[in-house]
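Me: Got a model open here and I'd like to talk it through. Can you take a look with me?

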Amino acid sequence: MLTEKNIQALIAGFFVFLVLSVGFHRDPDFAGSALGHSLGIAGTVLIFMAMIYPFRKRILKKKGRQNPLNSHIAYGLVGPSLVVIHAAHDTGSLIGTLVFLALLIVVLSGIIGRFLYLKVNRSVREQQAALELLKNSFYAREKAMRAALAARQGDIVVKKAEPGRDSADADEESLEQHDRLMEEAWSISELEYAVTFSGPLKRMFSWWMQAHNLFTVFLFALIAVHVLATLYYGLRWLP
């Protein structure tokens, strides 16, 4: 299974590959050659394999370890890389150029969407964990203060062997506990607001991924047109 570091390396390698291929791989005849078509077919198959993840997620309702996102990312990066080699940066075909541009939009929107997903989910999880800890501390401190207050109101006095300790010391300690309780209450309020505010961020992420899905549908439509046009006009490398 791909690790976080492996995925980052794949993404970095994809961008480096795009930059280098612009200057070193420009051939108007390569896309129509036997090798070019083979790479294009292999890349397209991998792109279709990337659709296994959304199919299992939305149709079969498989999530988490039953349907890892890593395979979707790997297919979604390696497949387009092969298609970029196949295209050889030839702009002579309008459909081919549109497929190439749509492919870049889909890949880039997917990469950005992944980082948005990590940012939003990690932030929310951390805030919720901190909120839970603060609430537990707040309730424990509140319970202790109520017990101490009940003891004082009932004139239950426990004297310890501490010289100079009197009611003034107890009052000062109660004030300190009260101040800490108020600080925790304020912190809880701020975290609850932050968790509530994360809702719009999640909606933004959802809109972004919907756009990514729409671009993907558009890409597959263009791929279908491109394949049909290639078959209609014939394969130049066949005798």
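Me: Before that, what am I looking at, and how is it numbered?
Reply: It's a predicted model, where local features need pLDDT of at least 70, side-chain atom pairs count only at pLDDT 80 or more, and totals for chains, interfaces and linings use all residues. Residues are numbered from 1 along each chain as its sequence is written, and side-chain values use heavy atoms, with hydrogens and water left out.

Me: How many helices and strands does the protein have?
Reply: Six helices and zero strands. Helices (H or I, at least four residues) and strands (E, at least two) are DSSP runs, numbered from the N terminus. Along the sequence the pattern reads α-α-α-α-α-α.

Me: What share of the residues is buried?
Reply: Buried residues are 26% of the 239 in the protein. Buried means under 20% relative accessible area, exposed over 50%, and partly exposed in between (1.4 Å probe, protein chains only).

Me: And the accessible surface?
Reply: About 16,200 Å², with 66% of that belonging to carbon and sulfur atoms. Those areas come from the Shrake-Rupley method with a 1.4 Å probe; for residues, only the protein chains shown count as cover.

Me: OK, cores. Which residues have the most contacts inside the largest nonpolar core?
Reply: Leu77, Leu103, Val107 and Leu219, in a core of 21 residues. A nonpolar core here is a set of buried Ala, Val, Leu, Ile, Met, Phe, Trp, Tyr and Cys residues joined through side-chain atoms within 4.5 Å.

Me: Which helices supply it?
Reply: α1 (4-24), α4 (69-87), α5 (94-153) and α6 (167-233) each put in at least two residues. α5 gives the most, with seven.

Me: What does Leu77 touch?
Reply: Leaving out residues up to four places away in sequence, Leu77 touches Leu10, Ile11, Phe14, Val107 and Ile111. A contact means heavy atoms within 4.5 Å.

Me: Where's the second core?
Reply: That one is separate and has five residues, including Leu39, Leu46, Leu82 and Ala88.

Me: How about α2, what's its reach?
Reply: α2 (residues 34-49) has 16 residues and reaches 23 Å from first C-alpha to last, close to the 22 Å expected. Its buried residues include Gly36, His37, Leu39 and Leu46.

Me: Switching topic: what's in the loop between α3 and α4?
Reply: Lys61 is found there, with a positive phi near 60° in a residue other than glycine. Lys61 counts as exposed because its relative accessibility is 60%. Leu60 lies in that loop too, and at 41% it counts as partly exposed.

Me: Last one: where does Leu214 sit, and is it buried or exposed?
Reply: Leu214 is in helix α6 and, at 64% relative accessibility, counts as exposed. Leu214 and Val106 are 108 residues apart in sequence and 9.0 Å apart in space, C-alpha to C-alpha.

Notes: Expected span 1.5 Å × (residues − 1).
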